[in-house]
Amino acid sequence: MRAYASGIFPMSDARDDPDTFWIEPEQRAILPLNGFKLSKSLAKTIRQDRFRVTADTAFARVIATCAESREDRRDTWINPDIENAFCELHQRGHAHSIECWVGDELVGGLYGMAMGRAFFGESMFSRATDASKVALAWLVARLKIGGFVLLDCQFITDHLQSLGAIEISQVDYLVLLEEALGRDFQVSVVFSVSPAASAAGASGAGDWGALDGFLASGAASTPEDFSSSSSPGKVILQALTQIS
């Protein structure tokens, strides 16, 4: 957690590589929460609730699936040390996942870590058309409703760029990171105070679970109140387009 607060993140060269190293890229990918690109086809998929979307119900399965090799990606950077560390972070309430289901089949998802008002996106996967896009849309909506201000994507890809991700310098990223974490967390890092305790108790921290209340009631406490009859997909679309 101190590493992430300092702007670096872990990777490995291969799934079976026991070595883990720290990355500080010169260019950093972020997805501005008000810049998510919602195509008409994706909006239709979300509105029709083609996937059942959940959060934190299958974290271990999501990260394990992200770590699997595929035809277009023979190896991944998620070795067992990284996988185990994130599973422990999830158990402590810091790492989270979004899952997309068709029936009881897990067909898409993503995972990452929340600290302060920042979310560090790690990896995503898709086993059905638009599943990873829907997972990311739900993540952006959850972060917006929860008061987060920074979604870190690490490296730019064509897929992320098509959804609104941009590339900025590491210097500019560190400025955004400091604003998102706040002074309390920065002080905890400098003086070796437990960053976990600071992240949990920092004032102004993002509320990962805020979206769950909106989905339960189908209503929002914003000027653009959600209809009480809104489906989950419609609530997400309203969050993406109305909350800034």
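Which residue in β8 is the bridge partner of Ala 29? Select Ala 29 and look across to Gln 154, which is that partner in β8; the two strands concerned, β3 (residues 27-30) and β8, pair in the antiparallel sense over two bridges. Strands pair here if DSSP finds at least two bridges between them, and the elements are DSSP runs numbered from the N terminus, helices being H or I with at least four residues and strands E with at least two.

This is a predicted model, in which local features need pLDDT of at least 70 and side-chain atom pairs count only at pLDDT 80 or more, while totals for chains, interfaces and linings use all residues. Residues are numbered from 1 along each chain as its sequence is written, and side-chain values use heavy atoms, with hydrogens and water left out.

Next, select the whole of β8, residues 150-154: five of its five residues are buried, so the strand is largely enclosed by the rest of the structure. Buried means under 20% relative accessible area, exposed over 50%, and partly exposed in between, with a 1.4 Å probe and protein chains only. Leu 150, Asp 152 and Gln 154 point one way from β8, and Leu 151 and Cys 153 point the other way. In a regular strand the side chains alternate between the two faces of the sheet.

From β7, move to β6, which pairs with β7 in the antiparallel sense over eight bridges, with Tyr 111 and Ser 123 as bridge partners. The hairpin of β6 and β7 has two residues between the strands, and Gly 116 in its turn has a positive phi of about 55°. Of the 11 residues of β6, 10 are buried, so this strand is largely enclosed by the rest of the structure.

Continue to β5 (residues 95-102), which pairs with β6 in the antiparallel sense over eight bridges; Ile 98 stands opposite Leu 110 in β6. The hairpin of β5 and β6 also has two residues between the strands, and Gly 103 takes a positive phi near 65°.
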